[in-house]
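Here is a short report on one protein model. Please look at the sequence and the 3D view before reading on.

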Amino acid sequence: MNASTHRPLDTRQVIATPVAVALIGTLQAEYGAVLFHQSGGCCDGSSPMCYPQDEFIVGDRDVKLGEIGGAPFYISPSQFEYWKHTQLIIDVVEGRGGMFSLENGRGVRFHVRSRLFEDAEVDALKAAGRFGEEAAGKSGRPF
């Protein structure tokens, strides 16, 4: 018997470690409502970037993966296509944050880890319309 049959399905597409949730709380206390965007862009690579909600415009095709620490988490369509088989796990590590990300200058930065969804989880995501093109075409869809 496979070990996954004893573990409940976890189809959340983004989660955060307790350390990340604590840092998000610190940033919210300082800046108010924040959001995350995972772009995979050139300047800060593929680091999850944290912005004040009222200072970042989410793209029309960006996909809302979920929320972490009460902050919405968006991903660009091309990154979503690449990462759709995985659960993103947002953590905090030592280092410099992205130059425009709110944690910059604190000696720590947000870091993305991932785990592959199991077949049953992928099936559940497909059934819910949260996997592939049907999800990528629904901007800001809350999951």
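## A covered strand

How many of the nine residues of β6 are buried? Seven of them are, and β6 is mostly covered. Buried means under 20% relative accessible area, exposed means over 50%, and partly exposed lies in between (1.4 Å probe, protein chains only). Strands are DSSP runs of E with at least two residues, helices are runs of H or I with at least four, and both are numbered from the N terminus.

This is a predicted model, in which local features need pLDDT of at least 70, side-chain atom pairs count only at pLDDT 80 or more, and totals for chains, interfaces and linings use all residues. Residues are numbered from 1 along each chain as its sequence is written, and side-chain values use heavy atoms, with hydrogens and water left out.

## The open sheet

Three strands form an open sheet. Their order is β1-β6-β7, and the pairing is mixed. The edge strands are β1 (14-16) and β7, and each pairs on one side only. Two strands pair if DSSP finds at least two bridges between them. Neighbouring strands of this sheet are turned by 30 degrees against each other on average, direction ignored. Here the axes are lines fitted to C-alpha atoms, for helices over the stretch in contact, and angles run from 0 to 180 degrees between N-to-C directions.

Now take the two pairings in turn. β1 and β6 run parallel, joined by three bridges. A16 has its bridge partner in β6, at I90. Strand β6 (residues 86-94) runs antiparallel to β7, with nine bridges between them. I89 has R113 in β7 as its bridge partner. L88 is bridged to S114 in β7.

## Aromatic rings

The structure holds four aromatic pairs. Rings of Phe, Tyr and Trp (its six-membered ring) pair if their centres lie within 6.5 Å; planes under 30 degrees apart count as stacked, over 60 as edge-to-face and the rest as tilted. F36 lies in strand β2 (residues 34-38) and F110 in strand β7, so the pair ties together parts 74 residues apart in sequence. F36 is buried, at a relative accessible area of 0%. F110 is buried too, with a relative accessible area of 0%.

Y51 and F56 make a stacked pair, because their ring centres are 4.5 Å apart and their planes are at 10 degrees. Y51 is buried, with a relative accessible area of 17%. F56 counts as partly exposed, at 21% relative accessibility. There is also an aromatic cluster, formed by F36, F73 and F110.

## Helix α3

Which residues of helix α3 (residues 119-127) are buried? They are E121, V122 and L125. Seen down the axis of α3, these buried residues fall within an arc of 100 degrees, so they line one face of the helix. The arc is that of the directions from the helix axis to the C-beta atoms.

The face of α3 turned away from the buried side carries the exposed residues D119 and A127. What covers the buried residues of α3 includes β7 (108-116). Just after α3, G129 takes a positive phi of about 70 degrees.

Start with E67, in strand β4 (residues 63-68). E67 counts as partly exposed, at 47% relative accessibility. Leaving aside neighbours within four places in sequence, E67 is in contact (heavy atoms within 4.5 Å) with V14, P72 and F73. E67 and A16 are 51 residues apart in sequence and 9.0 Å apart in space, C-alpha to C-alpha. The side chains of E67 and K64 are joined by a polar contact of 3.4 Å. A polar contact is a pair of N or O atoms within 3.5 Å; within protein, one must be able to donate a hydrogen and the other to accept it, and residues adjacent in sequence count only if both atoms are side-chain atoms.

Then find Q13, in the segment before β1. Q13 counts as buried, at 2% relative accessibility. A polar atom of the Q13 side chain lies 2.9 Å from the backbone oxygen of R130.
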